[in-house]
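Hello,

Here is the structure you asked about. My notes follow below it.

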Amino acid sequence: MNAIVTVVGSDKVGIIAKVSAYMADNGINIIDITQTILSGNFVMMMMVNLDNAKVVVEDLRENMNKLAVDMGVEINVMNEKVFSAMHRV
């Protein structure tokens, strides 16, 4: 299963490092990643593969929420198929 992870918040050192370290520590492969600074806000989108993950998607969401609170950002995790359906033109 693939998922889309979005991170939005004030730019600060370590956002990419902390999110990607969590993914690596839990066997989640980052397939694609993009990030930018938009009007002073950090914006990142990742596509991750959970086929070999040590956590289920519900735990990933919960742990990303905890990490988001610690970093003062917003992190969302969504199944790739749901994301694609929501953003179809």
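A salt bridge here is a side-chain nitrogen of Lys or Arg within 4 Å of a carboxyl oxygen of Asp or Glu. The model is predicted, and by this rule the count comes to one salt bridge. K66 forms it with E62, and the closest N and O atoms are 3.4 Å apart. Both residues lie in helix α2, four residues apart, or about one turn of the helix. K66 is partly exposed, with a relative accessible area of 48%; E62 is also partly exposed, at 45%.

Next, the sheet. Four strands form an open sheet in the order β2-β3-β1-β4, with antiparallel pairing. β2 (29-38) and β4 are the edge strands, each pairing on one side only. From one strand to the next the twist averages 15 degrees. Nine bridges join β1 and β3 in the antiparallel sense, and V7 stands opposite M44 in β3. Helix α1 lies across β1, β2, β3 and β4, running at about 15 degrees to β3.

Last, the core. The largest nonpolar core has 23 residues, of which V7, V19, M23, L60, M64 and I75 touch the most other members. Two or more residues each come from β1 (2-10), α1 (15-25), β3 (41-49), α2 (57-71) and β4 (73-79). The most come from α2, which gives six residues. Leaving aside residues up to four places away in sequence, M64 touches V19, Y22, M23, I75 and V77.

Regards

Terms used:
Residues are numbered from 1 along each chain as its sequence is written. This is a predicted model: local features need pLDDT of at least 70, side-chain atom pairs count only at pLDDT 80 or more; totals for chains, interfaces and linings use all residues. Side-chain values use heavy atoms; hydrogens and water are left out. A nonpolar core is a set of buried Ala, Val, Leu, Ile, Met, Phe, Trp, Tyr and Cys residues joined through side-chain atoms within 4.5 Å. Buried means under 20% relative accessible area, exposed over 50%, partly exposed in between (1.4 Å probe, protein chains only). Contact means heavy atoms within 4.5 Å. Two strands pair if DSSP finds at least two bridges between them. Axes are lines fitted to C-alpha atoms, for helices over the stretch in contact, and angles run from 0 to 180 degrees between N-to-C directions.
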